[in-house]
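Trainee: I have a new model open and would like to learn how to read it. Could we go through it one feature at a time?
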Amino acid sequence: MGRAFQNRKESMAKTSDQKAKVYSKYGREIYVCAKSGGIDPNGNLALRSLIDRAKKDQVPTHVIDKALDKAKGGGGEDFDTARYEGFGPGNTMVIVDCLSDNPNRTFGDVRTCFNKVKCKIGSQGSVSHMFDHSAIFVFSGTDEEVVLEALMMADVDVTDIELEDGKVTVFAPHTDYSKAKTALTDALGDIEFDVDEIQFVAQNMTEIQGEEVEQFDRFLDLLNDLDDVQRVYHNAEY
């Protein structure tokens, strides 16, 4: 499968406005995750993973706590998940995951991003069949056989395991996320995961060059600037 999976492009933001957007997106995602699966990270592995990821991206504790308190209260906004698919610059394939309290507005905003780079949003399923919906774990290690045995003993349907430069990468179906993480931590102890999340992994990459790269970067910036957009997955290689 290779290391072609794409983490969301939101490293350290350069301005306070950009940071505020990152914090807002995490706050919304933590709120929804806690509201649906419980506010206790020990009983909600997806929430624990999300909080760990937020901390790595230097999201302040008060932002995380506020989202959890809001979920604990049981009120607040009702966000629905929305997923949009289409073709980006250079005939790349793109999946956009959103959390929205107004799906009509969100669809219009995402479609505008496609239109601005002279691309078109597609129908549901138009590109997602070319991606694997995978649970991905990356951590330090030297023995992939031990990892594979632990996962197989837990009846995890492992898709792939790689060992490269002292890092083990595990791919499993997204439905096996909790089972796989529990198996890894039970077998290997307190693991510090470099990647611990569910992503769409492209089955084939599309190489882009020149102006297509500039257009694609602009496209990602437009999408990530939308408050409702949580994740953008694609198969662009450059």
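This is a predicted model: local features need pLDDT of at least 70, side-chain atom pairs count only at pLDDT 80 or more; totals for chains, interfaces and linings use all residues.

Trainee: How many bridges join strand 1 to strand 2?

Mentor: First the general idea: strands of a sheet pair through backbone hydrogen bonds, either parallel or antiparallel. Here 9 bridges join strand 1 to strand 2 (residues 92–100), and the two run antiparallel.

Trainee: In what order do the strands of that open sheet of 3 strands stand?

Mentor: The order is 1-2-8, with antiparallel pairing. Strand 1 (80–88) and strand 8 (229–234) each have a single partner strand, so they stand at the edges and one side of each is left without a neighbour in the sheet. From one strand to the next, the twist averages 15°.

Trainee: Which helix lies across strand 1, strand 2 and strand 8?

Mentor: Helix 7 does, and it runs at about 155° to strand 8.

Trainee: At what angle do helix 4 and helix 7 pack?

Mentor: For a pair of helices, look at the angle and the distance between axes, then at the residues that touch. Helix 4 (residues 103–116) and helix 7 (residues 211–224) pack at about 165°, and their axes are 9 Å apart. An angle over 145 degrees counts as roughly antiparallel, and helix 4 and helix 7 are therefore roughly antiparallel to each other. Their crossing is right-handed.

Trainee: Which residues in helix 4 meet helix 7?

Mentor: From helix 4 they are V110, C113, F114 and K116; in helix 7 they meet R218, F219, L222 and L223. By class, this contact of helix 4 with helix 7 has 6 nonpolar, no polar and 2 charged residues.

Trainee: How do helix 5 and helix 6 pack, and at what angle?

Mentor: Helix 5 (residues 144–153) packs against helix 6 (residues 177–188) at an angle of about 125°, with the axes 9 Å apart. That makes helix 5 oblique to helix 6. The crossing of helix 5 and helix 6 is right-handed.

Trainee: What do V146, V147, A150 and L151 in helix 5 meet?

Mentor: They meet A180, A183, L184, A187 and L188 in helix 6. The contact of helix 5 with helix 6 divides into 9 nonpolar, no polar and no charged residues.

Trainee: What is the order of the open sheet of 4 strands?

Mentor: The order is 4-5-3-6, and the pairing is antiparallel. Strand 4 and strand 6 (193–202) are at the edges with a single partner strand each, so one side of each has no neighbour in the sheet. The twist averages 20° from one strand to the next.

Trainee: How many residues lie between strand 4 and strand 5 in their hairpin?

Mentor: There are 2 residues between them, and D165 in the turn has a positive phi of about 55°. Strand 4 (residues 160–164) and strand 5 (residues 167–173) run antiparallel and are joined by 5 bridges. Among the facing residues, E164 has K167 as its bridge partner, and L163 stands opposite V168.

Trainee: Where does UniProt place the feature "domain: TACO1/YebC-like second and third"?

Mentor: The UniProt record, an unreviewed entry, places it at residues 81–236. Over residues 81–236 the chain is 32% helix and 37% strand, with the end C-alpha atoms 24 Å apart.

Notes. Residues are numbered from 1 along each chain as its sequence is written. Side-chain values use heavy atoms; hydrogens and water are left out. Axes are lines fitted to C-alpha atoms, for helices over the stretch in contact, and angles run from 0 to 180 degrees between N-to-C directions. Angles under 35 degrees count as roughly parallel, over 145 as roughly antiparallel, 65 to 115 as roughly perpendicular and the rest as oblique. A crossing is left-handed if the near helix is turned anticlockwise from the far one by less than a right angle, and right-handed if clockwise. Contact means heavy atoms within 4.5 Å. Ala, Val, Leu, Ile, Met, Phe, Trp, Tyr, Cys and Pro count as nonpolar, Asp, Glu, Lys and Arg as charged, and the others, Gly among them, as polar. Two strands pair if DSSP finds at least two bridges between them. UniProt positions are given in the numbering used here, feature names are shortened, and annotations may be inferred rather than shown by experiment.
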